[in-house]
Amino acid sequence: MSFTRTLRAVGGAVVAGALLFGTAPVASADQIRHDQWPLRSFGADDIWKVSTGKGVTVAVIDDPVDGSHRDLKGNVLPGKSFFSGGTADHPYGEREHGTAMASLIAGHGHGPRGGDGVKGLAPDAKILPVGIDLGDADGGTDSSGERLSYAAPLRYAVDHGARVVNMSFMTDDVEPSDAEQAAVDYARKQDVLVVAGSGNSGVSSPRNPAVARGVLAVGAVDIDLKVWKFSNYGPHIKLLAPGLHIRSAGVEAPYRLANGTSDSTAYVSAAAALLRSKFPDLTAGQIANRLVKTAGLPDDMKGKKLPDPHYGYGFIRPSKALTANIPAGSKNGPLPALSEDSSKAPGGGKGPGQAADSDNGMSTGVLIGIVGGVVGLLVVVLIVVLVVNKKNRRNGPPPGGYGGFGGPGGQGGPGGPGGFVPYPPSPNGYQQQPSASGWHPPAPPAQPPGR
């Protein structure tokens, strides 16, 4: 992949939609909290009785984060800047996109009982800031002046304790580089969930990193839970979250108001942090599975085949994801299975992989069944050969020559007596038996996404 590429935030003041709101007058702190309509829609007060994200580190690969902001102070780790050197816990000039994303994930507000300012959906999570340059129109650069790939920042995040990685940016590339895809695979092998925004062009052309195989790609909905018209779409989209009129922490001014799939990505990362805190034994794929299984859809989406290119599996409902009785399922959940050689996996490791509930495209149960059948078959063959040889030594071959020992389904084979009949792999990839016409999550009645 050529490094003549552009890194762009997929939300915030660098997109046209956000410019409509980025210069709005700063309201009072109480008004700032009131402006956070996603928290009310999610039912955040009830959510925080169940989980606050405590004990979970979320890496924010973005502009450096202002760790001294009054709504973030104490929740931001030093991190590392890959373009300016040093730590990433202080803003780089007036760039504020990373600070905004961090506040939506782990802001704790300020004032009495944290009742003022911006509060994140996972207010007790920790932010690991990983600084990249989103503001260079010729592409980001690291501290050595090389064109920036997110491969090294992502590996750094994984190696420094992140359980969730938020990447609210996109590039001009339609697929990841080999190094970037390898970094995503590395994150998954280390049980880290990687979340990325789809972009704000309203087009079906996927963009990196949301299109990378194994990334949880996120689009945006408005306050009516309809897909935002500028939210990029395609077969890689998995989930939606609020992305319009989003109030967050700023740098130039204490607070900002913006549109974008950046913001929706941050909310999905925060929801994942809530789940990782409550269910520490679940894999990253199983966390994604809970988000997908509890996602909501508008009434007019009933009966649609999922994932839908615009809606994915629907908009997140964190409260239900935390409390619903959902089997853990496959370790991969809705994410494609990892293979030993990712470049040979479905999708070539360079595009939106199809959801799978298996390793190398085949479920564990099926593999066990095949191996068991082959072993049984070999045993039967050996017995038959020994018996026939013994008979031959006594009486010679039977009339007409040697006969066969049975066809498919015979003794010891799959489906035969003593053989293993594997549970058929579910086409939805979630260890659930589908209906005859194909399964998809049922569309709930219209309701706020958090209920």
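A crossing of two helices is left-handed if the near helix is turned anticlockwise from the far one by less than a right angle, and right-handed if clockwise. By that rule, helix 8 and helix 9 cross in a right-handed way. The structure is a predicted model, in which local features need pLDDT of at least 70, side-chain atom pairs count only at pLDDT 80 or more, and totals for chains, interfaces and linings use all residues. Residues are numbered from 1 along each chain as its sequence is written, and side-chain values use heavy atoms, without hydrogens and water.

**Helix 8 and helix 9**

- Helices (H or I, at least four residues) and strands (E, at least two) are DSSP runs numbered from the N terminus.
- The axes of helix 8 (residues 261–278) and helix 9 (residues 284–293) come within 10 Å and cross at roughly 115°; axes are lines fitted to C-alpha atoms, for helices over the stretch in contact, and angles run from 0 to 180 degrees between N-to-C directions.
- Helix 8 is therefore roughly perpendicular to helix 9 (65 to 115 degrees; under 35 is roughly parallel, over 145 roughly antiparallel, the rest oblique).
- On the helix 8 side, Val-268, Ala-271, Ala-272, Leu-275 and Arg-276 meet Ala-284, Ile-287, Arg-290 and Leu-291 of helix 9 (contact means heavy atoms within 4.5 Å).

- Seven strands form an open sheet in the order 3-6-2-7-9-10-11, with parallel pairing (strands pair if DSSP finds at least two bridges between them).
- Strand 3 (80–81) and strand 11 (237–242) are the edge strands, each pairing on one side only.
- Strand 3 runs parallel to strand 6 (residues 126–131), joined by two bridges; Lys-80 has Val-130 in strand 6 as its bridge partner.
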